[in-house]
Amino acid sequence: MHAPRTAAAGRTASPATARLINDRLALQLLQSEGPLTANQLKSLTGLSRPTVADLVERLQDAGLIAVVGESGAQRRGPNARLYGIVADRAHLVGLDLRTHSVTVAVADLLGAVRDERTVPIGPDDTPGPAVATALAALDTSLAAAGAHQPHTLAVGAPGLVDPATGRLGGTDWIPSWHAALVGELRARHAAPVLLENEVNLAAIAEQRDGAARDRDTFVLLWLGHGTGAAVVLDGTLRRGASGGTGEIGFLPVPGTAALPTASGCDGGFHSLAGSAAICALAAEHGLPAAPGTGPGAATAPPSGAAADAPPAVVDADAPPAEAVVRAALSAGDAGAAFLDALAARLALGVAAVCAVLDPGCVVLGGEIGCRGGEELAGRVGAQLARLSPLRTDVRAGTVGGRAVLRGAVLAARDAAQDDLFTPAG
């Protein structure tokens with residue numbers, strides 16, 4: 001008697017392995033396609049009717065799927081029942097940590113957000129009150145979503161996340177309450193707490209829901225208060241030996257007055273493309289800078305992870321350069337000249353990245369990249385074509401400042417599904 005052939009692998013496997021693969025395949029189809037009948041599962045998987053019946057029973061017994069209705073087919077009976085994933089089987093939490101706020105989202109197993117809220121953190125708050133504020137927001141959001149305990153939490157934070165320890169490191173300019181909050185989350189919850197660089201999470205969101213959906217290799221250039229980059233090669237997010245992949249703010253580039261140092265990125269790409277630098281460039285072109293910005297304004301804390309990128313829903317914390325770019329898009333010749341000059345600056349960093357990685361696609365993300373849209377992306381692409389022989393598609397991000405939070409929810413969803421969609425035995 002031959003061992004079964006799985007629909008996913010197309011090769012022989014043990015009965016237990018075949019069941020696991022087939023169950024996971026059915027769950028993936030139910031997630032991507034929505035509720036399906038047993039007959040539709042049979043057609044999409046290529047499995048036999050008895051095999052589909054067995055897997056449906058197993059998944060129902062595990063509490064992962066349930067009958068959610070009936071199809072419109074005239075034929076009645078078991079095949080007319082629509083099966084769907086039980087979204088409330090687990091709840092997930094995504095957190096987006098910024099310098100002066102934290103945003104919390106509670107989602108179901110399919111990644112649909114059930115509750116979201118942002119709370120400010122005072123600039124003078126010590127770690128104790130800041131952590132208490134964040135935890136209170138999390139508890140309120142869980143209660144509003146009808147969730148008792150989260151299955152998985154994913155946290156997006158600026159700075160370096162050490163791949164070996166999973167801890168924040170090498171970021172003296174990051175608020176101390178960030179690490180304290182992550183530590184408290186791990187102490188309070190038995191659930192896994194995933195910590196990830198915020199720009200990396202933004203790249204996940206742009207690949208799943210945004211401008212890079214058709215790409216498995218691309219670079220996300222984050223343009224917010226600071227600058228950052230995320231690298232996805234062959235579908236895999238690359239973090240580097242110390243978690244520093246994408247610290248593009250430290251990249252030495254022409255056009256700056258100095259060189260970056262190990263303790264600060266002034267003089268690096270950050271000095272050309274950070275929010276304060278963009279506002280200063282706008283002033284040079286006669287465009288009004290946003291309040292509190294300009295040539296004499298203090299720069300944001302240096303971070304290749306967009307350390308000061310704003311909370312998703314707190315307009316007061318949006319990078320001032322976003323307003324400048326918005327105004328430039330409708331400012332006639334002066335606005336066009338400014339956008340050309342900004343594109344020339346951005347192309348320097350993009351060209352350096354392309355010379356090393358040849359990603360074929362660069363997404364301009366963050367609030368500023370998304371605000372610039374195709375107008376800015378097209379200009380960067382044209383400047384890049386003059387600097388690099390490598391064909392590179394430059395696109396505007398579409399998820400925007402909410403990309404970090406969305407990426408956190410997606411990371412938590414992936415981890416929870418990896419656990420729940422792999423039944424024991």
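1. In strand 3, I85 is the bridge partner of I65. Strands here are DSSP runs (E, at least two residues), and helices are H or I runs of at least four, numbered from the N terminus. Strand 2 (residues 65-70) pairs with strand 3 in the antiparallel sense over five bridges; pairing requires that DSSP finds at least two bridges between two strands. The model is predicted: local features need pLDDT of at least 70, side-chain atom pairs count only at pLDDT 80 or more, and totals for chains, interfaces and linings use all residues. Residues are numbered from 1 along each chain as its sequence is written, and side-chain values use heavy atoms, with hydrogens and water left out.

2. Strand 3 also pairs with strand 1 (residues 36-37), antiparallel, over two bridges. There, T37 stands opposite L82. Strand 3 (residues 81-85) has four of its five residues buried, so it is largely enclosed by the rest of the structure. Buried means under 20% relative accessible area, exposed over 50%, partly exposed in between (1.4 Å probe, protein chains only).

3. An open sheet of five strands runs in the order 13-12-11-14-15, with mixed pairing. Strand 13 (236-238) and strand 15 (393-396) stand at the edges with a single partner strand each, so one side of each has no neighbour in the sheet. Neighbouring strands are turned by 25 degrees against each other on average, direction ignored. Axes are lines fitted to C-alpha atoms, for helices over the stretch in contact; angles run from 0 to 180 degrees between N-to-C directions.

4. Helix 10 packs on this sheet, touching strand 11 (218-223), strand 12 and strand 14 (361-365). Its direction makes about 155 degrees with that of strand 11. Contact means heavy atoms within 4.5 Å.

5. Strand 12 (residues 227-233) pairs with strand 13 in the antiparallel sense over three bridges. V231 stands opposite R238 in strand 13.

6. D358 follows helix 10, with a positive phi near 45 degrees.

7. Confidence next. The protein averages a pLDDT of 87, and 87% of the residues score at least 70. pLDDT is the predictor's confidence in each residue, from 0 to 100. Residues 1-6 fall below 50; beyond near neighbours in sequence, this stretch has 14 contacts in the model.
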